[in-house]
Amino acid sequence: MYGRDPWGGPLEINTADSATDDDRSRNLNEFDRAALSRRLDETQQSWLLGPGEQKKKKYVDLGCIVVSRKIFVWTVGLILAAGFIAGFVALIVKTVPRHHKHPPPADNYTLALQKALMFFNAQKSGKLPRHNNVSWRGNSCLNDGKSDKSGAVLKDLVGGYYDAGDTIKFHFPKAFAMTMLSWSVIEYSAKYEAAGELNHVKEIIKWGTDYFLKTFNSTADTINQIVAQVGKGDTSGGTNDPNDHSCWMRPEDIDYPRPVTECSSCSDLAAEMAAALASASIVFKDNKAYSKKLVHGAATLWKFARDQRGSYSAGGADAATFYNSSMYWDEFVWGGAWMYYATGNQSYLYLASHPKLAKHAGAFWGGPDYGVLSWDNKLTGAQVLLTRLRLFLSPGYPYEETLKTFHNQTSIIMCSYLPYFNSFNRTRGGLIQLNHGRPQPLQYVVNAAFLATLYSDYLDAADTPGWYCGPNFYSTNELRKFADTQIDYILGENPRKMSYVVGYGNHYPKHVHHRGASIPKNKVKYNCKGGYKWRDTKKPNPHTIIGAMVAGPDKHDGFHDVRTNYNYTEPTLAGNAGLVAALVALSGDRTTKFDKNTIFSAVPPMFPTPPPPPAPWKP
């Protein structure tokens, strides 16, 4: 049998069974030598060489892909080496001592803020929480509300805050203090959070609002009286009438009766308390049950304020000597604005922006104290608060006329704070005299610093780089510069190099007018007159009341660190609330903005929702 020789020559295949190996060898010798010179592939070699030792493969079949054996070996090696190195590095990281990267140090305003909040802990009345963190304070005045000798509880008035260096609970300035704290939280909650003080300030506010809910029937829709004050400060009765001013005692040792003062026509107090509860309801909006309770209480107080007109300090009230209210129209504007923000009910906005109410509140006639926010005059704060509404929501008719006036008046007030104008004098050290040289100036200065910083943030958020004072344009940085210089003065940059915030810096008042801080906690109960020796001693207070902002220097930058001179050394709730608000507004860097939207959380859309688009046309 003959077949074709695939290598180019004839090949005879002998299929005889008798063929021997020698015959096969001879046949192979007869192959064409030229054909054998060609390179054979693996298949051809296998035909010739048989199943001998095979050549090592150059590729690796991984199933889904075929890769070079060399690449495969290098890849596996690199993976193993990388795993070894990673494990070695991890072992080193675990065994070497760690050096944590600390956050940048807090700025001066943040440090002062943390201290200023502690003052409220020192002012608490009633049964104190475990975490109060003021070692020299304890439970006090646990019988507040018992007005007769039989001990019958007329009201549970335990709790709240003492007003200042005494132990009276004045509800009018206290309500303003709580409103200011709530306003600062609503605007700057992120800054409180960054300072680690958000929960603390909210607890301070709740301690105050929980107490206010006790001062009237907060579950009713209509009331006819509220509590205006607990304690007494009138010293005309002499030593025969022991009270919170004639005695010098630790709050924990008080054993004299503390009268409760109620009022049935006190629009100013009721409207301010309504503002306090309404603003706090926004702070606690995530706690829906509590927020709703606060709103209901605020609405009840507001109705009482509007229905039963009058001033809480009229008629020879004890409060008239210490916190006399000049009018209640400004509380109507202020309280109405907060009621609107808390409820979204436009009837409150209609009232707060009514031209006649604004006129009664003094929005158009000015005066020496125009533009000065305080526990008595809330008009300036209300104007800033409602200017906010115009800047960001622009409600239009029928509110625009008054809101535009408030906006213009706010601009004028901000101009008056600048050193380029002569609306207010300044001391040689640079402290603005908002109370025209009268005692206790700092409480007014801190409120102005807060408003200036806040308004500058409003303008920045509205993409407005500044505002006009007459023909001159001023940058928002001017407002912040004003606030910086005033707060820096209070913190020690003044001719005396004195920090007027106790515990801040190295040089601060040591003889603070404060009963609890001036009497040692030594298990000795000093009676009404027994504490006089601690009041009159020239030694520093045994306890440091951290964060207390004292009344401040005089118009010549002078200051007398004397315990008995309250015009220099006494701190107050209202003053410290303004300080806290100003400090949080200035704290941190300017990348942490204020909260533009939370205050509007209950406000419905200003304009009707547009109708849905029509259905697609069909032929």
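The model is predicted: local features need pLDDT of at least 70, side-chain atom pairs count only at pLDDT 80 or more, and totals for chains, interfaces and linings use all residues. Residues are numbered from 1 along each chain as its sequence is written, and side-chain values use heavy atoms, with hydrogens and water left out. The largest pocket has a volume of about 1,200 Å³, and a search of the whole structure finds two cavities of 30 Å³ or more.

**Pocket and cavities**

- On a 1 Å grid over the protein atoms alone, a cavity is a set of points where a 1.4 Å probe fits but cannot get out, whereas a pocket is an open set with protein on both sides within 12 Å along at least five of seven lines. Lining residues have an atom within 4 Å of a point.
- Grid points are joined across faces, edges and corners, and a volume is the space filled by probe spheres set on the points.
- The largest pocket is lined by 50 residues, and those nearest its centre are Phe 322, Tyr 323, Trp 375, Gln 440 and Tyr 444.
- At least two residues of this pocket's lining come from each of helix 13 (379–392), helix 15 (442–461) and helix 19 (566–569).
- By class, the pocket lining has 18 nonpolar, 21 polar and eleven charged residues. Ala, Val, Leu, Ile, Met, Phe, Trp, Tyr, Cys and Pro count as nonpolar, Asp, Glu, Lys and Arg as charged, and the others, Gly among them, as polar.
- The largest cavity has a volume of about 70 Å³, and its lining is made up of Gln 440, Leu 442, Gln 443, Met 549, Val 550, Ala 551, Glu 570, Pro 571, Thr 572 and Gly 575. Five of these are nonpolar, four polar and one charged.
- The second largest cavity holds about 60 Å³ of space. Its lining includes Ala 122, a buried residue of helix 5, as well as Arg 137, Asp 166 and Arg 515. The lining divides into four nonpolar, five polar and three charged residues.

- Helices (H or I, at least four residues) and strands (E, at least two) are DSSP runs, numbered from the N terminus.
- Helix 5 (residues 108–122) has 15 residues that should span 21 Å at 1.5 Å a residue, and its end C-alpha atoms are 22 Å apart, which agrees. The expected span is 1.5 Å times one less than the number of residues.
- Eleven of the 15 residues of helix 5 are buried, so the helix is largely enclosed by the rest of the structure. Buried means under 20% relative accessible area, exposed over 50%, and partly exposed in between (1.4 Å probe, protein chains only).
- The buried residues of helix 5 pack against helix 6 (171–195), helix 7 (198–212), helix 16 (476–490) and helix 20 (573–586). Contact means heavy atoms within 4.5 Å.
- At the start of helix 5, a side-chain oxygen of Asp 107 comes to within 3.0 Å of the backbone nitrogen of Tyr 109.
- Asp 484 lies in helix 16 and counts as partly exposed, at 22% relative accessibility.
- Not counting residues up to four places away in sequence, Asp 484 touches Tyr 109 and Leu 586.
- The side chains of Asp 484 and Tyr 109 are joined by a polar contact of 3.0 Å. A polar contact is a pair of N or O atoms within 3.5 Å; within protein, one must be able to donate a hydrogen and the other to accept it, and residues adjacent in sequence count only if both atoms are side-chain atoms.
- Asp 484 and Leu 586 are 102 residues apart in sequence, but 7.5 Å apart in space, C-alpha to C-alpha.

**Helices 8 and 9**

- Helix 8 (residues 267–283) reaches 24 Å from its first C-alpha to its last, close to the 24 Å expected for its 17 residues. 17 of the 17 residues are buried, so helix 8 is largely enclosed by the rest of the structure.
- The 20 residues of helix 9 (residues 288–307) should span 28 Å, and the end C-alpha atoms are 28 Å apart.
- The buried residues of helix 9, among them Leu 294, Trp 302 and Phe 304, pack against partners including helix 7, helix 8 and strand 6 (226–230).

**Backbone exceptions**

- Most residues other than glycine have a negative phi, and most peptide bonds are trans.
- Tyr 397 and Pro 398 are joined by a cis peptide bond, with omega about 5°. Pro 398 sits in the loop between helix 13 and helix 14 (400–417).
- Asp 463 has a positive phi of about 55° and counts as exposed at 69% relative accessibility.
- Asp 557 has a phi near 70° and counts as buried at 6% relative accessibility.
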